[in-house]
Amino acid sequence: MESAAKTKWVIDPMHSEVNFKVKHLVISTLTGTFKSFEGELNTTDLDFKDASIEFSMDVNSIDTNQEQRDAHLKSAEFFDAEQFPKISFKSTSFSKDGDDYVLVGNLTVKEVTKHVKLEVEFGGIATDFYGNEKAGFEVSGKISRKEFGLTWDGITEAGAIVVGDDIKLNINLQLAKQV
């Protein structure tokens, strides 16, 4: 019996981004990014069903457009980047849902691993000016920061919560097919 050939796709960091949003003081939304990340998708089928996906982000690359806040997020009160420099994800399933996909896997933050479910919009496949085959995906979902040990809570004098628990993820990926 012949096994299907695997195709490897790697993230093109020049055409990808990792964004997150969290409520601040319960009245507004703070947006941040991770500037350094890497990952790959392996599949035996061009429709990507049952692909395996691995992804990681460098915690020290967090950017909320405010250096003091970024330093606090990297500190032991939040991500503890010195002790836990990477956030990682490994898929357990990638299944079709109409034209799009549902991605399920294990997300690890500060050595706490939780099963998460993310929605994936498939942008399609195209060939760039240099003959490289690319695939586009937009990944979105919501996680609880406290479930991953990010439990710092500040309360204002008026009793307002400084940082919300829900983190909204929006990850735009362009992957390059490896030959």
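**View A. Leu-173 and what it touches.** Skipping residues up to four places away in sequence, Leu-173 touches Ile-11, His-15, Ser-16, Phe-55, Ala-135, Gly-136, Phe-137 and Val-139 (contact means heavy atoms within 4.5 Å). This is a predicted model, where local features need pLDDT of at least 70, side-chain atom pairs count only at pLDDT 80 or more, and totals for chains, interfaces and linings use all residues. Residues are numbered from 1 along each chain as its sequence is written, and side-chain values use heavy atoms, with hydrogens and water left out. Leu-173 sits in strand β11 (strands are DSSP runs of E, at least two residues, numbered from the N terminus). With a relative accessible area of 14%, Leu-173 is buried (under 20%, 1.4 Å probe, protein chains only). From Leu-173 to Gly-123 it's 50 residues in sequence and 9.5 Å in space, C-alpha to C-alpha.

**View B. Phe-137 and the largest nonpolar core.** This core has 42 residues, and Phe-79, Phe-94 and Phe-137 touch the most other members (a nonpolar core is a set of buried Ala, Val, Leu, Ile, Met, Phe, Trp, Tyr and Cys residues joined through side-chain atoms within 4.5 Å). Beyond four places in sequence, the contacts of Phe-137 include Leu-41, Phe-48, Phe-94, Tyr-101 and Ile-171.

**View C. Ser-91 in strand β7.** Ser-91 belongs to strand β7 (residues 86–97) and counts as buried because its relative accessibility is 13%. Leaving out residues up to four places away, Ser-91 touches Ala-51, Ser-52, Ile-53, Leu-103, Val-104 and Gly-105. A polar atom of the Ser-91 side chain lies 2.8 Å from the backbone nitrogen of Ile-53.

How values were computed: Helices (H or I, at least four residues) and strands (E, at least two) are DSSP runs, numbered from the N terminus. Buried means under 20% relative accessible area, exposed over 50%, partly exposed in between (1.4 Å probe, protein chains only). A polar contact is a pair of N or O atoms within 3.5 Å; within protein, one must be able to donate a hydrogen and the other to accept it, and residues adjacent in sequence count only if both atoms are side-chain atoms.
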